[in-house]
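Okay everyone, thanks for coming. Have a look at the structure on the screen, and then I'll walk you through a few bits of it.

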Amino acid sequence: MRLFNCLAVSASLFAMTASGPAFAEDAAKVAAIVKGLDNPFFQTMQKGIEEQAKANGVNVTVQAAANMGDATGQADRLTAMAMQDFDCYLVNPISVSNLVQALVPVAQKKKPIVNIDSTIDASQAKAAGFAVSTYIGTDNVAAGALAGEEMLKLVPKGSKVAIIAGIVGDVGSNARIKGFKQAVEGKLEVVVMVSADWDREKALTAATDILAAHPDLTGFFAANDIMALGVERAVRTSGKDVKVIGLDGIVDALKSIAAGELSATVAQYPYVVGAMGVEACAVAAKGKELPANVPAPVLLINKDNADASLKNFPRPGGDYPDPFREMLK
């Protein structure tokens, strides 16, 4: 069994190492910390990290939070990794602040910090004495706007829609909702927004209550696919024709769209985000300066392209801009 395959784990596990004798002794050593593997989005990110590390001859150690709410546990794992001799740190924080203190010793050793998917608050990082070397992630406002533009195609002008948000105050959730609202402003009426903490069951319960309170509702936008799948279950139970759009592009959402259940999702590509993070570390190991901000690819997926997206999963169907790939040539 190949080194990286033997380390594939189920969502219930939260720590894994992908390193060993398959790599040259002088290979760059990368420490990666991701969010909870209870969300398949981050399982896919882990896969991208590990497979790209193998492709680039990088020795990577990956750890993860126990779950999506384990901000303290994630910080504790990074603190332990920061005491070890890694060449580069690849971080996917649960919140804008939970990894700031754990990164202080990393910055003091002048190691590159590659921030992926969810941002570290720049002002808090500056106060702690460091700045990230590069950020790689989705433009969440633009992704939310794509969802809003799709909703406009699915429901009549002036219709009532509802929003299911993630954890209160989450930067990514807020940005996605901002983009959605900007796209539908003056064209649709957002009657209610409820936070469901990125949780499928909470989203199902919230949607059930909203459908009862607003019997003329025509659509839901959920800030991630896990919640969208819970909303879709509530809609199906109600027997109503209410459109549901999610965001992330996890495989269960793609299957649901192909089956005519979910209306659409805006796919991010966590596999690509993780892979680009490893590439950034490989570039840094060559002594090259990293670009400050690199947008990750996104794509609106509906019934027209769901099957093709499933076929290509977890990769995009076509090529995409990747400055790190160019810098490694």
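Let's start with Ala-80, which counts as partly exposed because its relative accessibility is 39%; buried means under 20% relative accessible area, exposed over 50%, and partly exposed in between, with a 1.4 Å probe and protein chains only. Quick background: this is a predicted model, where local features need pLDDT of at least 70 and side-chain atom pairs count only at pLDDT 80 or more, while totals for chains, interfaces and linings use all residues. Residues are numbered from 1 along each chain as its sequence is written, and side-chain values use heavy atoms, with hydrogens and water left out.

Ala-80 sits in helix α2, residues 71-82. Helices (H or I, at least four residues) and strands (E, at least two) are DSSP runs, numbered from the N terminus.

Now, strand β5, residues 113-116. In a regular strand the side chains alternate between the two faces of the sheet. Here Ile-113 and Asn-115 are on one side, Val-114 and Ile-116 on the other, and all are buried.

So who pairs with β5? Strand β4 (residues 88-91) does, parallel, over three bridges; two strands pair if DSSP finds at least two bridges between them. Opposite Asn-115 you'll find Val-91. From β4 the chain goes through helix α3 (residues 100-108) to β5, a right-handed β-α-β crossover. Right-handed means that, with the strands pointing away from the viewer, the path from the first strand over the helix to the second runs clockwise.

Strand β6 (residues 134-137) also pairs with β5 in parallel, over three bridges, and there Tyr-135 is the bridge partner of Asn-115.
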